Amino acid sequence: MRLLIAPDSFGETLTAVQAAAAIATGWSRVRPADHLTIAPQSDGGPGFVAVLAGRVGELRRVRVCGPLDVESDADWVFDAESATAYLESAQACGLALLGGPPTRQTAWAAHSRGVGQLIEAALGAGATRIVVGLGGSASTDGGRGLVEELGGLVAARRRLAGVELIAASDVEHPLLGPWGAARVFGPQKGADAATVAALEGRLAEWADELDAAAGRQVSAESGAGAAGGIGAALLALGGRRQSGAAIVAEHTRLADDIAAADLVVTGEGRFDEQSLRGKVVGALATAARGRQVPVLVLAGQVCLDGLALKSAGILAAFAVADYAGSVRLALVDAANQLMGLASAAAARLGNSAPTRYL
């Protein structure tokens with residue numbers, strides 16, 4: 001059987017590259033004769049650069065200011081032939097750079113200055129096209145830190161006037177309101193109710209400046225709330241939003257891999273309704289369904305019922321947390337537990353055709 005292994009990252013526990021390796025190892029232990037194609041994916045969040053490295057351009061590294069002012073190394077990719085830089089917001093202001101669990105204090109203090117430094121590095125290398133992967137940020141500053149790092153709104157717009165700037169994200173949320181950056185994603189970053197309200201107020205003031213600079217209401221546009229509002233800042237600087245999953249799929253030739261597969265195995269940290277709205281798993285399931293290729297999901301947690309899976313064209317979904325017996329073990333021993341779940345899934349398939357998996 002020809003198997004395509006194409007997971008997204010598993011939150012802060014496994015990169016897409018690590019998850020793909022764990023699934024491949026576990027599957028091969030039970031079904032060593034299967035032909036595996038390994039193609040880790042990303043929607044612009046953590047792992048965006050790692051997935052593209054080796055596929056396009058040259059991997060580079062620069063020292064940046066993290067979300068709490070602690071310096072760290074950030075990787076990015078530069079394709080000299082097309083003068084395109086691929087950056088990742090999580091490399092500069094990701095939750096993994098907090099040094100511990102997020103709190104209401106870090107939710108308020110975290111900033112995006114390091115993303116501005118990444119853009120500076122890309123401009124210094126001669127990039128005329130800059131693709132910024134958005135997701136997994138610890139900050140909810142609306143991209144103010146990155147704008148200030150580039151000299152402010154007026155100076156930044158002038159510097160980027162001749163650059164094609166792309167916000168690579170599949171998040172559709174606006175900057176403000178009940179579906180905005182603070183209210184939807186703030187609690188995931190440690191914010192309590194009072195902090196969420198304070199963040200919303202701060203973002204509202206910044207939104208006025210962004211909208212005025214852009215000459216339109218960019219704060220209300222789809223994707224403005226991505227990565228704590230970095231999406232809005234990039235739109236205000238002349239950027240446009242593009243699907244992060246589509247960008248990675250193009251560079252990894254995912255369509256060809258799907259067409260050649262008998263079964264697709266994908267996954268992510270939390271498989272829920274958001275997963276089916278343009279994220280890696282949902283986009284992959286849609287593409288596979290178009291070619292009548294069955295899809296199996298291995299995720300940290302599965303929060304969808306059988307009806308939702310069927311309507312999405314997904315054959316089955318299994319949770320690492322269920323296999324491990326607890327969410328805690330699934331987190332602290334993520335690679336081994338995912339490996340074991342992959343082995344169990346392969347054993348369950350047995351000699352049946354993938355379409356008869358259930």
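1. A word on terms before we start: contact, or touching, here means heavy atoms within 4.5 Å. The model is predicted, so to speak of its details, local features need pLDDT of at least 70 and side-chain atom pairs count only at pLDDT 80 or more, while totals for chains, interfaces and linings use all residues. Residues are numbered from 1 along each chain as its sequence is written, and side-chain values use heavy atoms, with hydrogens and water left out.

2. Let me begin with Gln91, which sits in helix α3 (residues 89-93); helices (H or I, at least four residues) and strands (E, at least two) are DSSP runs numbered from the N terminus. Leaving aside residues up to four places away in sequence, Gln91 touches Val64, Ser72, Asp73, Ala74, Asp75 and Leu97. A polar atom of the Gln91 side chain lies 3.0 Å from the backbone nitrogen of Asp75. That is a polar contact in the sense of a pair of N or O atoms within 3.5 Å; within protein, one must be able to donate a hydrogen and the other to accept it, and residues adjacent in sequence count only if both atoms are side-chain atoms.

3. Gln91 also turns up at a pocket. On a 1 Å grid over the protein atoms alone, a pocket is an open set of points with protein on both sides within 12 Å along at least five of seven lines, a cavity is a set where a 1.4 Å probe fits but cannot get out, and lining residues have an atom within 4 Å of a point. The second largest pocket has 18 lining residues, with Pro46, Glu88, Ala90, Gln91 and Ala96 nearest its centre. Two or more of its lining residues come from each of β4 (71-79) and α3. Its volume is about 330 Å³, a volume being the space filled by probe spheres set on the grid points, which are joined across faces, edges and corners.

4. Which strands make up the mixed sheet? It is an open sheet of six, in the order β3-β4-β5-β6-β7-β8, where two strands pair if DSSP finds at least two bridges between them. β3 (58-65) and β8 (240-242) stand at the edges with a single partner strand each, so one side of each has no neighbour in the sheet. From one strand to the next the twist averages 30°; axes are lines fitted to C-alpha atoms, for helices over the stretch in contact, and angles run from 0 to 180 degrees between N-to-C directions.

5. At one end of that order, β7 (residues 164-168) and β8 pair in the parallel sense over three bridges, and Ala167 stands opposite Arg241 in β8. Helix α5 (residues 113-124) packs on this sheet, touching β3, β4, β5 (84-88) and β6 (129-133), with its direction at about 135° to that of β3. Helix α11 (residues 244-251) packs there too, touching β5, β6, β7 and β8, and makes about 105° with the direction of β7.

6. Helix α10 (residues 226-236) gives the most to its lining, with three residues.

7. The other sheet is open, with five strands in the order β2-β1-β9-β11-β13 and parallel pairing. β2 (35-38) and β13 (316-319) stand at its edges, each with a single partner strand, so one side of each is left without a neighbour. Strands β1 (residues 2-5) and β9 (residues 263-266) pair over three bridges, with Val264 the bridge partner of Leu4. Helix α1 (residues 16-30) lies across β1, β2, β9 and β11 (295-299), at about 175° to β2, and helix α13 (residues 280-290) lies across β9 and β11, at about 175° to β9.

8. Last, the largest pocket, at about 1200 Å³. Of its 42 lining residues, Gly11, Gln188, Gly269, Arg270 and Lys279 lie nearest the centre. At least two lining residues come from each of α8 (181-185), α10, α15 (320-324) and α16 (327-332).
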